[in-house]
Amino acid sequence: MRPHSGVRQETQQVSEQSERASELERSVARRTAELAKANEDLQKEVASRRRVEEDLRSSEERHRVVLEAASDAIVTMDDHGVIVFANPATTRLFGYEPGEVVGKPLTILMPQPMRELHVNGYRRYLATGNRHINWHGTELTAMSRDGREFQVEVSFGELSTDGHRLFTGFIRDISQRKQAEQIQATAQLLAAVRGDVSLAFGMEGSLEAILHECAESMVRRLDAAFARIWILNRETSMLELRASAGLYTHLNGAHARIPMGTLKIGTIAKEQRPVLSNDLLNDPRISDKAWAKNEGMAGFAGYPLLIGARSLGVMAMFSRKPVTTQTIEVLASVADLIAQGIERKRAEEELRATERRLKEMETELARVVRVTSMGELAASIAHEVNQPLTAIVNNGSACLRLLANRKLDPETLRLALDEIVADGTRASSILSRIRAFITKQTAEKTTLNVNEVIQEVLALTGREIQAHRVLIHQQLKPGLPPVLGDRVQLQQVLLNLIINGIEAMATLTDRPRSIFVSSQINPINRIQVAVRDSGTGFSSQPEQLFSPFYTTKEHGMGMGLSISRSLIESHGGQLQAVPLSPHGAEFSFTLPVAPEAEP
Amino acid sequence: MTPPPIVFVLDDDASVRKSLTFLMTTIGLRVEAFSAPDEFLRKPLPDSPGCLVLDVRLPELNGLDFQRELALRKIHIPIVFITGYGDIPMSVRAMKDGAVEFLTKPFRDQDLLDAIHAAIERDRARREREQELKGIQNRFETLSSREREVACLVVQGLLNKQIADQLGTAENTVKVHRSRAMTKMHANSVADLVRMVQKLNDTMK
């Protein structure tokens with residue numbers, strides 16, 4: 001540009017210059033604006049980037065905190081199954097030092113049997129995408145560094161980066177929860193089995209039936225293949241099989257009676273310690289391994305039934321699955337309950353047996369009392385009858401004295417004779433009263449086997465027979481029809497005849513003392529019982545023997561045969577006596593056959 | 001002259017009572033019969049030798065227990081037991097408690113009459129003993145206190161002089177007391193006096 005070239009030129013020059021200047025200015029302004037914008041954008045960009053970076057950093061921080069603070073173990077493994085990350089909880093849960101697990105295969109966190117399953121499953125998943133376990137919340141068994149196994153719940157996530165696949169597992173220790181569940185389940189099971197057992201012992205029934213219910217409960221609730229209960233017989237020291245449920249229900253056979261101390265059952269009872277085994281095939285206590293193998297038996301549990309230090313028996317079960325700790329716990333508790341039940345039941349049974357024996361003794365006593373009350377009766381008869389007899393004798397004697405002194409006047413004699421006749425009549429009425437009393441005694445007539453009655457009386461007189469060294473011969477006809485009669489009254493008659501026979505031989509020295517008792521049925525269908533002795537016999541008329549107060553014995557009352565005849569006659573029978581030659585006597589009675597037994 | 005003996009019969013059976021009365025009167029005994037123990041106890045016993053024929057079985061009281069009851073009441077009447085049915089322990093107890101005889105009904109009349117005679121004899125002897133003792137006692141009562149002292153010392157075998165020394169009196173005075181005592185006691189000799197005093201002593205025991 002030239003500053004001195006004419007006005008026009010100069011003006012033109014000035015104009016051109018000004019134009020240029022403003023254009024420059026505009027240009028500068030535009031550029032500046034552009035720059036400013038660029039700068040602003042840049043600043044925005046920077047700010048944005050910084051924000052992202054910060055976000056990222058904060059997110060990582062948060063994750064780190066989460067990972068480190070998590071109580072669950074979080075483990076990441078690569079596609080080779082090698083641990084690439086483990087959070088602090090992992091080392092805490094599994095007992096490893098921090099950093100100790102990274103680089104190790106995941107399988108170190110598993111018990112041996114799981115490892116192969118895991119490796120195979122994982123390999124298959126990588127190849128096929130088929131998961132071998134549920135990835136969300138699967139319960140597995142884990143193993144700590146010191147080999148302790150514990151229950152865990154595991155969830156998995158998968159992440160692929162740069163062609164690498166990473167798997168992150170979240171592992172929660174649920175052993176405490178499991179334990180609580182287990183305790184609860186055990187408690188429930190225990191309550192159920194105890195309930196069964198209590199119910200069984202509450203039943204009215206034999207001990208066998210009760211124990212069978214207990215064994216059934218073990219099969220049903222404890223998954224036993226079969227369960228058995230033996231009771232110790234204290235006298236023989238034998239364990240006797242009293243209940244068997246499940247696979248075997250018979251009570252006889254090889255294990256029906258086991259001597260104390262032999263086989264595993266006898267050992268349990270003797271040593272009073274339970275025997276448990278989940279390794280039957282290698283356990284020396286299991287005798288029949290071939291059987292266990294064939295039947296697929298896996299576990300055995302046997303418990304002594306103890307009351308204090310006393311073995312009552314053994315209960316045992318075989319199972320096709322290993323016997324669980326839960327089952328063991330239940331068995332231990334139920335064994336006590338069963339033992340107590342057996343003890344109580346036994347006490348009850350003993351009490352009942354005692355009552356029964358007592359009742360038998362009472363019956364026996366009542367019988368003996370009735371039989372011996374003949375003696376009491378004799379005393380009473382003697383007193384009653386002796387009063388008029390005394391009066392008769394006194395009156396007679398007085399008359400004889402007066403007669404001897406020639407002082408007996410007819411009036412005195414008449415009065416005395418009146419007295420004598422009255423007392424004689426009185427004596428005989430006393431006798432009929434007594435006889436009526438004896439025969440009308442509420443006779444309890446039942447159908448009886450006469451031979452049984454004979455045997456009972458022979459048993460009752462056993463001591464007397466021995467004391468007098470008498471030989472008893474019996475010829476009892478078997479299969480006799482029954483008679484209708486009062487057992488005790490017939491016993492009284494037989495007792496009387498046998499005692500009479502024994503007494504009739506008391507003085508014998510020259511021949512054996514023997515009594516022959518026979519029963520038969522005679523041609524007119526009557527039962528005939530005879531008692532024959534080798535004694536002194538009788539010389540009087542047989543009928544005289546049956547009159548009251550007739551006796552051949554020194555201390556006899558003379559009432560036995562009289563009463564016996566009354567008793568037999570009240571049974572519709574007859575009692576008679578026959579002297580035997582050369583010595584002895586036979587007393588026999590007949591009885592009609594019971595009506596319903598007539599042909 | 002002693003009064004005639006009497007037999008008491010205690011039996012609840014009228015026939016027996018009647019026949020026993022008849023039997024005993026034929027030989028001249030006095031008889032009185034009772035049917036119950038308290039009936040017998042209400043009756044004042046006469047002062048004559050006698051015995052009780054007692055049935056063992058009585059309606060209210062056992063005859064053996066009645067025997068003891070009589071002993072407690074100091075009624076010393078000899079007892080002949082009769083019973084319709086007796087055993088050995090029963091008879092042993094009766095005899096130990098002083099029964100004369102234990103007869104089982106019906107008995108021979110002679111056995112009963114023998115027993116009754118023995119019992120009456122026993123009662124008679126007892127009564128005589130009592131009678132004699134009573135006489136001695138009565139006579140002894142008539143002695144003065146000094147005569148009693150002297151009599152007791154004589155019985156101990158002391159001489160008159162020794163007695164006089166012990167009582168602090170003259171020998172002659174002793175002789176007088178002694179003589180009076182002998183007379184009052186109806187003692188013929190010193191031995192007689194000794195026997196009498198001995199009997200008195202026995203009853204005191």
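User: Which residue of strand 4 of chain B does Asp55(B) stand opposite?

Analyst: In this predicted model, Asp55(B) stands opposite Ile82(B).

User: What makes strand 3 and strand 4 of chain B a pair?

Analyst: Pairing requires at least two bridges found by DSSP.

User: Why are strand 2 and strand 5 of chain B called edge strands?

Analyst: The open sheet has five strands in the order 2-1-3-4-5 (chain B), with parallel pairing. Strand 2 (30-34) and strand 5 (101-104) each pair on one side only. Neighbouring strands of the sheet are turned by 20 degrees against each other on average, direction ignored.

User: What packs on this sheet of chain B, and which strands are touched?

Analyst: Helix 5 (residues 109-141) of chain B packs there, touching strand 1 (6-10), strand 3, strand 4 and strand 5. The direction of helix 5 makes about 135 degrees with that of strand 3 of chain B.

User: How do helix 12 and helix 13 of chain A pack, and what is the handedness of the crossing?

Analyst: Helix 12 (residues 487-504) and helix 13 (residues 560-570) of chain A pack at an angle of about 145 degrees, with their axes 9 Å apart. The crossing is left-handed. Among the contact residues are Gln489(A) and Val493(A) of helix 12, and Gly560(A) and Leu567(A) of helix 13.

User: How many residues of each class make this contact of helix 12 with helix 13 of chain A?

Analyst: The contact has four nonpolar, six polar and no charged residues. Gly560(A), one of the contact residues, counts as polar because Gly is placed in that class.

How values were computed: Residues are numbered from 1 along each chain as its sequence is written. Chains are lettered from A and ligands numbered from 1 in the order in which they are written. This is a predicted model: local features need pLDDT of at least 70, side-chain atom pairs count only at pLDDT 80 or more; totals for chains, interfaces and linings use all residues. Axes are lines fitted to C-alpha atoms, for helices over the stretch in contact, and angles run from 0 to 180 degrees between N-to-C directions. Helices (H or I, at least four residues) and strands (E, at least two) are DSSP runs, numbered from the N terminus. A crossing is left-handed if the near helix is turned anticlockwise from the far one by less than a right angle, and right-handed if clockwise. Two residues are in contact if their C-beta atoms, placed from the backbone, lie within 7 Å.
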